[in-house]
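Subject: Structure handover

Hello,

Here is the structure I promised to pass on.

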Amino acid sequence: MKLWPGLGVAALLSALSIGTLVMVALKAQGGATLGAADWAAIRFTLTQAILSAVLSVLLAIPVARALARRQFRGRRSLIALLGAPFLLPVIVAVLGLLSIYGRNGLFSAALQLVGLGPISIYGLKGVVLAHVFFNMPLATRLFLQGWQAIPEQHFRLAAQLGMRTGDINRRLETPMLKEVAPGALAVIFLLSVTSFAVALTLGGGPRATTIELAIYQAFRFDFDLAKAALLAVAQFTIGALAAYGAWKLAAPTRFGVSSGGLREPERWDCQARSVLLRDAGVLLAAMLFLFLPLMAIFASGLAGLTALPLSALGGAILRSVLVAFGAAGLTLCFALALGFAIVRLERSHAQTAGLIEGLGALFIAASPMMIGTGLFIFLFPLVDPVALALPITALVNATMSLPFALRAILPALRQSEQGFGHLADSLGMQGWGRFRLLTWPTIRRPALFSTGLAAALSMGDLGVIALFADPQSATLPLMLYRLTGSYQIDAANGAALILVLLSFTLFWIFEREANRET
Amino acid sequence: MLKMSLIAAGLALTLAGGAGAADKPVLNVYTYDSFASEWGPGPAVKKAFEAVCGCNLKFTTAGDGAALLARVELEGARSSADVVLGLDTSLTAKAAATGLFATVKDGRKTDLPGGWNDPLFLPFDWGYFAFVYDKAKLKTVPHSFADLAAAPKSLKIVIEDPRSSTPGLGLLLWVKKAYGTRAPEIWAGLAPHILTVTKGWSAAYGMFLKGEADMVLSYTTSPAYHRIAENDDSKAFARFSEGHYMQIEVMGQLAKAPHPALAARFLAFMQSDKVQSIIPTTNWMYPAILPKSGLPDGFDAALPAKDALIYRPDEAQAVRAAALEEWRTALSK
């Protein structure tokens, strides 16, 4: 286990996040201060991000609990489908949500039947609704992993001791929730902080200005690079505080090594009819909330398939898949390099290890506009940035998924090293052999899961390619964006459907591989 | 690292697809996305110009006019661009101040209301901003900002954000030009009707087509798109008694253009009948110079010059920061 690959990745991350900011600041002339409008943007950003995080987590707990203690047909598929909202491109998701909750949406139509006016989702409630739609499934998955990390024997022991649901809740589930919740809150908070198009569109106007929009304004309306850099520093500071808070609050549970198997614990305590009904209700409500907009996207996409320009589609799909696999491969390499470095440093330099871990999380709060522009300023004197559009997109997409990958892989990596590291050392196991025989079997599941997530996220993300675009080499999200900009709404719906299906298929293939018994 | 370089090599191969005739000069034209996309004028313009210029025409794209200017500013004097195509007159004062643009020879006499006179930029097309609606759904159509403010609260419009979108900025200047110091009052009257503000034109127009809003800020030429391309005559624009703000799209040549002669030739070509007759049904704007063949069937003649509102570039630049603040304050209440 060498240290330098991890430190190299950490340096790369710092360069991409803080370095790009410095590039922009250096290019700026004169200083900048934050005006009243900027402070309003900071306040709104905090309000919506806190609400989005808290609501997503509160709603995710019952859903995850129901999924954790119930066995039913299609449960696996349901869990996999939970990944879908998280993977949607922004404009597609907004139009999907409006099909259900908009003025002309399903709910308003139903209300009209009974003589009530249309509902209005515009405002803070719309912003939070959209963020919960994106992130509640993510929180559900994080909690579900928490439940699965409680060793099955504990539940068996609890049953033998005659513990009821309440006791199990207090002794096993609450400690787990306390450990997982701060991280989940922080991740969703960070994801919501950089929101811009969703916040503006559903927020109903300039009241819903986020910091990212203010950064965008500084770049393109004012061309005030100093202001853009200052706002990005504000966004970073918020992100850093959130990441630090989560790290401080997360109380580690001491359940010991989980069997990590796929066998779900038998829950003798949850047989009562009322509990069963409650779980069924929770799952049904969650499915309606999440899948109705997805079905609307599916329906309008099917209708638009025939309008798609087939000549450009093949190339766009190929480029998107290449970028997705590139990003996924990079994410895995980066996460492993960082993970090994963290595990090794934890023994001697706990603070450095924590810092590197935080750096990964902090990246979620980096402004995509800032990264793209900073990279452009850096690369332009050296090479033609447009020629590097796809590799750069893959690289930036990889770093965006890295926090999730690191989160998933790190515990397994720790487990493998703490459990068997000394033994392997004494046996002289090193290098590839040690990785293949010792590490990989333990981290296989989270590693494949996060590789799939990275591929799917990269697939759906417009990312920096919008700044480095080359008309000849559009990815699928860029093609979608161009279609919507040229009156081609039907074709854009069709492209959105293909995009969602492709990105979900990638996710599902990896997930299935991850769940395969070895 | 091996994996990474393999990926890079693979990507380089796919990117290198188009390079062939390396001996011809390459004219580098920076433009906005939808101009160069396969639904825009780009492909036809490229084909026609390459047939006569003995060169290769390369489009490099940015999101829209403002992104284009930001890109040119970031690249500065080292830019390899020959021509920048797709700024509008709310950006040209700022573009001129960069000192990156060369003076151009006068172009052809334009058909723009108010004519054209600018040492650095030549127009290639133009349009009027307008609120577009569905004739079957909206029965009482407002014909002024005052009408719109007085309409029942249930009449909803969706507009674009001036900070992130060209039409959004157009609306800001429209209200300011028409009402001057009364602009905040007009915005306050419009506020209850504004369903939401979007980042760009496409989200706003998409929401309108979904039936979320009764009207959307777009162009007087939008109904022609539906009529000609989709055989759908259901859309119309509301003619406003205050007049309509104009968007004039222009092009300029960089002072440090690697191919100045070709660049000048391209600017002239963009104003030729050949290109001007392509513009209406690809960029869905009015040609700067009416071609001999006139406008295509289904493409209504532009509103007369007495309806045209526009700021001079220097005025637009001077007024926009204060106008934005008024807009933000009125809509944040």
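This is a predicted model: local features need pLDDT of at least 70, side-chain atom pairs count only at pLDDT 80 or more; totals for chains, interfaces and linings use all residues.

Residues are numbered from 1 along each chain as its sequence is written, while chains are lettered from A and ligands numbered from 1 in the order in which they are written.

Start with the two chains. On chain A, 52 residues are in contact with 49 residues of chain B (contact: C-beta atoms, placed from the backbone, within 7 Å). Several helices of chain A each supply at least two residues to that side, including helix 5 (90-101), helix 11 (211-220) and helix 16 (368-379). Helices here are DSSP runs of H or I with at least four residues, strands are E runs of at least two, and both are numbered from the N terminus. Helix 14 of chain A gives the most, with seven residues. By class, the chain A side has 33 nonpolar, 14 polar and five charged residues. Nonpolar means Ala, Val, Leu, Ile, Met, Phe, Trp, Tyr, Cys and Pro; charged means Asp, Glu, Lys and Arg; the others, Gly among them, are polar.

The axes of helix 14 (310-348) and helix 17 (389-427) of chain A come within 5 Å and cross at roughly 40 degrees. Axes are lines fitted to C-alpha atoms over the stretch in contact, with angles from 0 to 180 degrees between N-to-C directions.

Now the core. The largest nonpolar core has 280 residues. Such a core is a set of buried Ala, Val, Leu, Ile, Met, Phe, Trp, Tyr and Cys residues joined through C-beta atoms within 7 Å. Buried means 20 or more other C-beta atoms within 10 Å of the residue's own, with C-beta atoms placed from the backbone. B:Val216 is among the residues with the most contacts inside the core. Beyond four places in sequence, its contacts include B:Phe131, B:Ile157 and B:Phe208.

Last, two loop residues. A:Tyr487 has a positive phi of about 65 degrees without being a glycine. A:Tyr487 lies between helix 19 (476-484) and helix 20 (489-515) of chain A. B:Trp284, also not a glycine, has a positive phi near 55 degrees.

Best wishes

Conventions
A residue is buried if 20 or more other C-beta atoms lie within 10 Å of its own, exposed if 12 or fewer, and partly exposed in between; C-beta atoms are placed from the backbone. Two residues are in contact if their C-beta atoms, placed from the backbone, lie within 7 Å.
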